[in-house]
Amino acid sequence: MRRLVYTGFMSLDGVVDSPGGPGEGHRSGGWVVNDLTFVPEAWSLKGEELAETTALMFGRRSYEAFAPVWPGSEDHADYKELPKYVVSTTLSDDALVDGWGPTTILRSTEDIAALKQSEGGAIFIHGSAELAARLSDAGLIDQYNLLVFPVLLGAGKSLFGRADREKQLLTLRESESYSNGILKLVYDVRH
């Protein structure tokens, strides 16, 4: 069975909206890079994940944001040939980007559950807040790799849905704090 891992940047109040820049939509967009001293070791999680990543998963909007940029990005070169899965009910096959590894469109949480039952390694979800919340509510995420930033954004997309559901327990696998206030938190979901 494959593991589904959400990896992302989160504010202390749980917002994952627009970490990279204002063009992403949030009035405080760019909160990951704008106000903190750069501490290289705080980003080590991103390099560590590469050893485990065998495929990537995106929601449609994140795919449409990353697909024009990541294939030519030196920072994301290791992801180029990995299989990709895009979860969308509206994206068509002709909208997929050429030259960025094999890409499959999944139409439902049932498709994702079936993918998890297949052979292979970990699938990492990047960005895709709405997809991650939906998959979390469905009990399909196995691990959270989070960099939590010392900022309160108040409003924006949350990683976690607000559905009334049974509690979900997590086990802390790894944690670290950095001099600029970022926390690395790696949690396994107890199934």
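Q: Where does Ser-128 lie in this predicted model?
A: Residues are numbered from 1 along each chain as its sequence is written. This is a predicted model in which local features need pLDDT of at least 70, side-chain atom pairs count only at pLDDT 80 or more, and totals for chains, interfaces and linings use all residues, while side-chain values use heavy atoms, with hydrogens and water left out. Helices (H or I, at least four residues) and strands (E, at least two) are DSSP runs numbered from the N terminus, and Ser-128 is placed in the loop between β5 (122–126) and α4 (129–137).

Q: Is Ser-128 buried or exposed?
A: Phi of Ser-128 is near 55°, a positive value in a residue other than glycine. Buried means under 20% relative accessible area, exposed over 50%, and partly exposed in between (1.4 Å probe, protein chains only). With a relative accessible area of 7%, Ser-128 is buried.

Q: Which elements are included in what covers the buried residues of α4?
A: The buried residues of α4 are Ala-129, Leu-131, Ala-132, Ala-133, Leu-135 and Ser-136. Taking contact as heavy atoms within 4.5 Å, their cover includes β1, β2, β3, α3, β5 and β6.
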